[in-house]
Amino acid sequence: MTMGNILILSLSITLQCIAVAIPLSLIKVTGKRLAWITIAIAITLMLIRRSISFVTLFYDDTPHETEIYTELVALLISALMVIGLAGIRPLFLSIQKSHKELLKRDIRLHKAQKIAQMGFWEWDILKNELYWSDELFLLFGFAPNSFKPTYQHFMNIVHPEDKVFVQQKLIPAIDIDTHYNFDFRVILTNGEEYFFHAQGDIDHSESQKPIRMLGTITNITARKNTEAQLKANENMFRSLLKSAPNGIVIVDEKGKIILVNTNIENLFGYKHESLIGKPVELLIPQRLRKGHVNKRKEFHKKNEARLMGEGTELYAANCKGEEFPVEISLSPVLIKNKIMTISIIRDLSIQKKMQKEKDKLQQQLFHSQKLETIGTLAGGIAHDFNNIITPILGYSEMILEEAEENTLISKDIKHVLKAANRAKDLVQQILIFSRQDEPEKAPLGISDIIKEAIDLLIAMLPKSIEIQVQINTKTDTVLANSTQIQQVIMNLCINASHAMKKNGGLLYLNLDQVLLDREFLLQHPKLNKKYYICLTVNDSGTGMDSQTLEHIFDPFFTTKSVGRGTGLGLSVVKGIVANHEGEITVRSTI
């Protein structure tokens, strides 16, 4: 035994112990238990062999050169074994680390696909093998890897109405080597319908033959439902915008028009296209545009909804520059992170017109009530006055019969009778005005009455006044009192002659049958028939101002000097016309 042998064997045993420990440590790293245990056992056997040789040295004093060389070779092998195993251990550790990273990435990918509701698939064209990811199985309503997927499995769940569409997208992708990207519907085994989005590419061999097709399928049902809801909301908004009874304008922060409804086109006369992008001041009268710009900027600063026009008159202008009254409400809204203003514009033209007609009817009602009150009072006075005049006339006629002709008494009594008869005529006019003396009516032709009145007027009126008559209808028979109709004509013509007394002029009478329109009937609710006989009396004399026109039919109203008129002429005319279920109007200019 030599120290060299002991040293060689000791080193060899030590290295082999290390060599046994290395594969055992790699069992945990690689998970290959059987392989590394087999290697460890083989090294252990070598270790046992070295250990036996080491013990033998202490009992055998004869040196053997061959054994020394053998041990040196064994030592070299042990050293190389340790170096080799130590060298591959970092490699296996790196592989283990990469494997862990791959597992983490796979978990992340799985979670990402689950969150995105996306599945991956791959089709080996050469082997005709199809692979679905776990998430794709779940998206299609199947348990992961519950069967070997095929193209037919996929087509079975495609919506019947989309099958041809899907085939038309997939087959050309293989034939002409193109990227595909499309949406389609599926019906799962539970009957639920979903929307999916598919996209993918083709891999090719070196000879440019397609060998693999791969892609992703994403569940886009929520997005489609949202798009459908947005589309429905947009359609509803557009329907509301179109059917809104008022005009609607949406304006951006700079005052540019971005949207209008149909009523705006009707109100302003502009085409939709000609308004988009134009300043909203285009709809404002020219005289108000400068002030409107400042008010618009002030509104955007406050950013508060409000109704414009309360207590003030607002006006808009159409494409012709014509102004019309409006009411405007403003509401700020946030659209695409920008403050827009929704303006609702209501045309008040009809409302103003109706209000004007209402005021006119109200005025007519007040006037009618006033005339009725005065008529009632006048009628009562007339009856009392008639009772006083009757005995005066009776006694005067008796005295006149007893008095001698051409005496002072007979002349005085004649003056008394004349004044009493005038008073009687006045009472008769008052009774006509108050409608308390109902005359007898009979069918008569108005044209005949006009001719009789003209004969009297020619004798009464000055030669400086020319009279013209135009009869435009042969159907002029009405139910009326001839005396009262003649009184109407005479009063109107005499009243007209007073306006031409100084310089003369033309007195024109026109008779026609008219069909009254709806607007006129609304202004004169007492008229309830369509066809009427219309008598028009025109003169070329001086006109009347608005204040005179307002009171022209009032009883006892006159523009003549004291003692020149009673103020009952036109009031009596109005009373006669009303008693014949008609209406009288007047127009005049100065």
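The following conversation asks how several descriptions of this predicted model follow from their definitions.

Reader: What kind of model is this, and how are its residues numbered?

Author: This is a predicted model, in which local features need pLDDT of at least 70 and side-chain atom pairs count only at pLDDT 80 or more, while totals for chains, interfaces and linings use all residues. Residues are numbered from 1 along each chain as its sequence is written, and side-chain values use heavy atoms, with hydrogens and water left out.

Reader: How many helices and strands does the protein chain have?

Author: The protein chain has 17 helices and 16 strands, where helices (H or I, at least four residues) and strands (E, at least two) are DSSP runs numbered from the N terminus.

Reader: Why is Thr 548 called buried?

Author: Buried means under 20% relative accessible area, exposed means over 50%, and partly exposed lies in between (1.4 Å probe, protein chains only). Thr 548 has 15% relative accessibility, and therefore counts as buried. This residue is found in helix 16 (residues 546–551), and in the protein chain as a whole buried residues make up 32% of the 590 residues.

Reader: What makes the phi of Asn 145 worth a remark?

Author: Most residues other than glycine have a negative phi. The phi of Asn 145, however, is near 55°, a positive value in a residue other than glycine, and Asn 406, although not a glycine, has a positive phi of about 65°.

Reader: What makes the buried residues of helix 13 line one face?

Author: The buried residues of helix 13 are Ile 446, Ser 447, Ile 449, Ile 450, Ala 453, Ile 454 and Leu 457. Seen down the axis of helix 13, they fall within an arc of 145° (the arc of the directions from the helix axis to the C-beta atoms), so they line one face of the helix. The face turned away from this buried side carries the exposed residues Lys 451, Asp 455 and Ala 459.

Reader: Why are Arg 296, Phe 299 and His 300 of helix 10 said to share a side?

Author: In helix 10, Arg 296, Phe 299 and His 300 are buried. They cover an arc of only 95° around the axis, and therefore lie on the same side of helix 10. The face turned away from that side carries exposed residues, among them Lys 290 and Asn 294.

Reader: What is the class make-up of the contact of helix 14 with helix 17?

Author: The axes of helix 14 (residues 482–499) and helix 17 (residues 569–579) come within 9 Å and cross at roughly 145°, with axes being lines fitted to C-alpha atoms, for helices over the stretch in contact, and angles running from 0 to 180 degrees between N-to-C directions. Contact means heavy atoms within 4.5 Å, and the residues making it include Val 488 and Leu 492 of helix 14 and Val 572 and Ile 576 of helix 17. By class, this contact has 6 nonpolar, 6 polar and no charged residues, where Ala, Val, Leu, Ile, Met, Phe, Trp, Tyr, Cys and Pro count as nonpolar, Asp, Glu, Lys and Arg as charged, and the others, Gly among them, as polar.
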